[in-house]
Every structure is written in structure tokens, then in C-alpha cells.
Amino acid sequence: MSRSRLKLGVLYPVRDSNVEVEGQNPIIVKKGTHRHELKRSEKISMCAGDIVELLPGKLAFQLRDISCGEKVVLNTTEEKKMLAKRKRQELEDEALAKALQAIEDEHGQTSHAVHASGVKLDDSGTSSSSKSDCKQLKFTHGQCPRIFQLLKVKGLPRWANTGCLDIQDVIEGNIFFALLSNYMVDIEWLLSACPLLEQIPQVVIVHGEGGSSLDRLKMEKPSHWLLHKPPLPLSYGTHHSKAMVLLYQTGVRVIVHTANLIYVDWNNKTQGLWMQDFPYKNEDTKGSTSLFEEDFVEYLEALQWNGCNLHVPGSGQMKINASFFRKFDFSKARVRLIASVPGYHQGQKLRKWGHMKLRSILENHHFDKRFVKSPLVYQFSSLGSLDEKWLSEFSMSTCSGYTFEDKPLGPGHMQILWPTVEDVRCSIEGYAAGNAIPSPLKNVEKEFLQKYWARWHAEHTGRNHAMPHFKSYVRFNGQDLAWFLLTSSNLSKAAWGALQKNGSQLMIRSYELGVLFLPSMQGPEEGFSCTDSRKLNDPLKETSNNLTSPAEIIRFVTSCYQGQHEELEEKTVLKFPVPYKLPPDGYNKLDVPWSWDRHYTKPDTYGELWPRVVKLYGTKQDK
């Protein structure tokens, strides 16, 4: 008789098993019509078809008859580690599990009802019939994919987090220097989530904190960490860029993402991340440069960070600053950087930052003719104070580009993807999720915006109830993408800039950073990785960054794309895990766009009303 184990709320049984309760919470075992409550240290014999309910969340799991190929034997030390981890998980997951269950209960789809209906559950407790045919994308350990990845969301079924990342998947290996750029930084959570950071000889935090949050940051940071807050020459600006730069003995890893360095952003929200590793230049590439290198170094210089001195084993004393990064070969970068820097930009700098940078890049690229007048989606988590004139200015930038026959793509139908009040109320955070969608009613209620509103639907990625902090801008036709931009930039003049003086000056208030994916830049992966010595070959043909023939262009599609000849298309099609539905559905008459300064009296998934205080710092979070 073997003993079954409960791990993270999932029962992994063996034949003719005894189940013993090791935690503090009781469980209910249903054998036919009889229910048995088991408390700590109590055992029961189980067989296929029995149902286990884990209290207090009352999440039901069915014991299935599984043939075990081999038995895993845990020694005492391993058992203690597992139990300690399980106890931590119980504390973190309890409130989230209740919220998820409340969402299901509201729609009449409780776990118990699913079992009663005879629907099969997988080992994550998810109905297999509810899964979309869309597949999440996987990549080999050590290989940085050419596309972005979604971040994991706590409490989702296993399939929804397949191919997704957490912070330890990104910050890994023998790092000797790390630059972490963000708006909000919670040191307590950061060190608990990624203990490796304490071992890195030098960490620099480029941040946007102020007031008591800055005081807390200074108090909690390790003594050898450095802080830098870039200057903000214009009022109402912020340092909002979210990026990481990790130095290894073999190269550098550049990461651009959408999450603040706080618990809720890396656990409860829809987020995205791009990263790529680059080697040091060799004798053949020394002295050369690339568009990515120029954009990257110029942005680092704009932060006005003076750098730091660091002793590197095997290399001696190093001065690490913006110009230091010219040592790396960025020629294989598969994205273009789109950054914003505060100031009044004129002359040659007019098209260097913000939406004018996006315009200048798109104007110099060619696209398939299917994208002539094709639609666009603007998706973000904060809406600025907009007017129709500026939105038209911004749209001129996003609608730039030409076909291979030199025909302008021209304007297309535009939609603004924005959560409704019901989306927020029924989310896994309840109304607390609205704290990270900080747009006031005066910005949201403008009449001219009403025709653009579109719904947040993310069933195919399991993120319907994980509110987006993800920010993206895309031009598409069906499931085909002309280009895709992952960024920190919300839809605002402060983030993207506004033209002044008859279009001769661009005024930007904030620091932002994003990566633009273009089909014409997608050649083969050269296989370089800072954390994996294996050669990672890419089957794609060598291509140029200045392609002019449609036959040479890699095709961008969503993960929901269903090709007719998938084996043939494998080498020419790149699937992007766009988390939301394309094309999106417009609002119906009952939908109300979320604004965070209104009172909402209908209880959310936690029985809470809005407004309420939301805790954002610390490892123990309010749910």
C-alpha cells in the first residue's frame, strides 16, 4: 500500500492508495454517496472514481486510475522541503483559490458540478473541453525565443502557463552585473522571489519611486546595491520603463517587459516579456555597429546614469556605463527598440523617440498587401487625457508603412481594448485589479472614445480573469500580424509625445521602453545563449534586415492561427502568444469602461466594494 501525496492542490494517486492528511486543513473524501471528513494525520483507502475536496476552498478533484511507470521515493530531507514549500503555497493560494471558485460559482460552473456532469478533469482540475485549440509556445531551456513570452499567472490551470515565464526563468546563471529598470520596486518581494539577486556582485536599480516608497527602497536594499532615479525635466513625468540588463562572462542578456517589480504584477496579472542574449564582439565585428546598438546605447545615455566601477574575475576592474555596451554584438537583434525620453525634441532628434520613432521605422518597411487599411488594436492599462487631434496624430504613426508595391498601408479601423467594470469585478483580484488600471472617469467618459472601446477576451490563454498590465499595439488582418509592439507605454501624450510648433517639436514627459517585432527582421537564430553552452540551431534560411521581396518575409500570426500545411509553414511562420482575442469584440450597450475614481457597490469576488485600500508592497499581499 503506497501513500498518495497532495501537492499544490492536485492529487497524484497510485493504485490501491491510502491518503493521509499532512496539512492543517481537513479534506472531504466522497466514496459513492458517502462523505468522509479527514483531519490531520488521518488516513483513508481510496480507489478510482473517488472524489477529494480540499477545504476551505472546496476545490474538487477526481481520483483517476493511473498506471505508475516508476515510483518516486523521497528521503526525509526532501519530504521536509516539500512540506515547507506546501505550507507557504497554502498561505499564498488560499485567497486566490477562493476567488477563482467564486468566479466559477457565479457562472454556475463549480468544480463539484463539473464532476457531477461527468466532464473529465485533468490533473490541474481544468475541464479539457474548456481549453482552446490555441497552443502556448514552448522554447528550449537556455534559448531566448524571437517572440515575446507571457508571464505565469498564479492559480491558472497548467495548460494556461505552459511556455510562460516567471522571474527565475529570466534572472538565471552566473551574472556579475544586473541593471533593473522599473517604475515600482519592492525589494522584500524581489529578493524572496529571486534569491539569486543577492549573489550578484553589483545590482543597479533604475527606478521611478518617490516619497515613502523611495524611503522604503533605500532602507531595504542590500548595502552594495546602487539606486538611480533619472531626471524628470518636465512636470507630470515618470520613469516608467521596465527592462533588465544582465552581464555574463560570455555576453549580455537584454530584457524588455511590462511588469513592475512587485508581487501582484508577477503573479496575478497578464504580462509579457521579451529577451535576447548577445555575445561580445570578436575581431571580425569589433568596430562595427547596428541599429539596435545605437538605439540601446543612446537610451542608456539618456538616463544620465554615470555608471559604476566593478572588479570582474578574469577581466580586472571595469567601468560599466552606457558606452560599455558597445562591446557587444547586437547585429542579430530581432527587434527594434522604441523608447521615450522626456524633453523637447527637435531637428534630428524629432524622430528618435516616442511615436515619431515608431513612425520613422514603419515608414521604412514593406508589408504584405493584405495589411492595406487593415485594423489596429491599442491595448494598455492606463488612459491619458486624450483629444481627437492627438489620437489622429498618433494613428498617423501607427498606420505608416508601405506594401511591396510601394502603396501606403493607410488608415484602418482602430479599437481600444479596455477592461469593463464587470471584467475587473470578476477578476482573480476583484476590484483590487482596478488599482493597476488607473484612469479617472474624466479621461474614460469622453464621447469620442466610445466608438473605439473593445472587450478584454482572453479565453484561449486562460487569462479572461487576469487583468492586463500587458501593453501592446498591433496591426493585423484576421490572425495575421503586420507588426507587434510590446511596450511600457500607455496611451498618453506623456508616454508617446505630442507634436508642437507645427510638427517641428515633440514633447515627451516620461521614460518608456518597448520592442517592435517586424517580419522583415526575422532571420535565423544564431544559437547564442549566456546560460546554455549548447548550439541551438534555427532551421530558417538566412535573411536580411532589409528584405524587399514578399517571398522572403517570415509570416507573423497569433497562436490561434490554424494553417493548412503546418509542416511546410513551420519554417516560415512565427506564432505570437497574443493574450487577447483578435479581432476583439466591441462593447455592447451594457458594458461600462473601468475608471478607478468611481464608487462600485456590487461586491467583487472577495465580497469587497470599491474604493478600497490595496497593498502593493511586501511578500504577503492583500487579495
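Because the structure is a predicted model, local features need pLDDT of at least 70 and side-chain atom pairs count only at pLDDT 80 or more, while totals for chains, interfaces and linings use all residues. Residues are numbered from 1 along each chain as its sequence is written, and side-chain values use heavy atoms, with hydrogens and water left out.

**The chain as a whole**

- The protein chain contains 14 helices and 31 strands, where helices (H or I, at least four residues) and strands (E, at least two) are DSSP runs numbered from the N terminus.
- Of its 623 residues, 56% count as buried; here buried means under 20% relative accessible area, exposed means over 50%, and partly exposed lies in between, with a 1.4 Å probe and protein chains only.
- Of the contacts between residues at least 6 apart in sequence, 71% join residues at least 24 apart, a contact being heavy atoms within 4.5 Å.
- The chain exposes about 27,800 Å², of which carbon and sulfur atoms supply 50%; accessible areas come from the Shrake-Rupley method with a 1.4 Å probe, and for residues only the protein chains shown count as cover.

**The annotated histidines**

- In an unreviewed entry, UniProt lists H240 and H469 under "active site"; such positions are given in the numbering used here, feature names are shortened, and annotations may be inferred rather than shown by experiment.
- Although these two residues are spread over 230 residues of sequence, they cluster in space, with a largest C-alpha distance of 12.7 Å.
- H240 lies in the loop between β12 (226-228) and β13 (243-247), and it is buried, with a relative accessible area of 10%.
- Leaving aside neighbours within four places in sequence, H240 is in contact with Y183, K471, S488, N490, Y511 and E512.
- H469 is found in the loop between β24 (453-454) and β25 (472-477), and it is also buried, with a relative accessible area of 6%.
- Not counting residues up to four places away in sequence, H469 touches a set of residues that includes K242, D265, K269, S381 and A436.
- T258 is also among the residues touched by H469, and the backbone oxygen of T258 lies 2.7 Å from a polar atom of the H469 side chain; a polar contact is a pair of N or O atoms within 3.5 Å, where within protein one must be able to donate a hydrogen and the other to accept it, and residues adjacent in sequence count only if both atoms are side-chain atoms.

- M467 has its place in the loop between β24 and β25, and it is buried, with a relative accessible area of 1%.
- Residues touched by M467, not counting those up to four places away in sequence, include N268, K269, T270, P419 and W456.
- M467 and G430 are 37 residues apart in sequence and 9.5 Å apart in space, C-alpha to C-alpha.

**Salt bridges**

- A search of the whole structure finds 23 salt bridges, each being a side-chain nitrogen of Lys or Arg within 4 Å of a carboxyl oxygen of Asp or Glu.
- E429 and K269 meet through their side chains in a salt bridge (2.8 Å, N to O).
- E429 lies in the loop between α11 (421-425) and α12 (441-444) and K269 in the loop between α7 (263-267) and β15 (272-279), so this pair ties together parts that are 160 residues apart in sequence.
- Both partners count as buried, E429 at 7% relative accessibility and K269 at 3%.
- R216 forms a salt bridge with D186, the closest N and O atoms being 4.0 Å apart.
- That pair links distant parts of the chain, with R216 in helix α6 (residues 211-220) and D186 in the loop between β10 (177-181) and α5 (187-193), 30 residues apart.
- R216 counts as partly exposed at 26% relative accessibility, whereas D186 is buried at 0%.

**A buried aspartate without a salt bridge**

- D604 lies in the segment after β31 (573-576).
- D604 is buried yet has no salt bridge, and the nearest side chain of opposite charge, R612, is 4.7 Å away; Lys and Arg count as positive and Asp and Glu as negative, while His and the chain ends are not counted.
- The backbone nitrogen of Y606 lies 2.8 Å from a polar atom of the D604 side chain.
- D604 also touches R425, G430 and Y431, not counting residues up to four places away in sequence.
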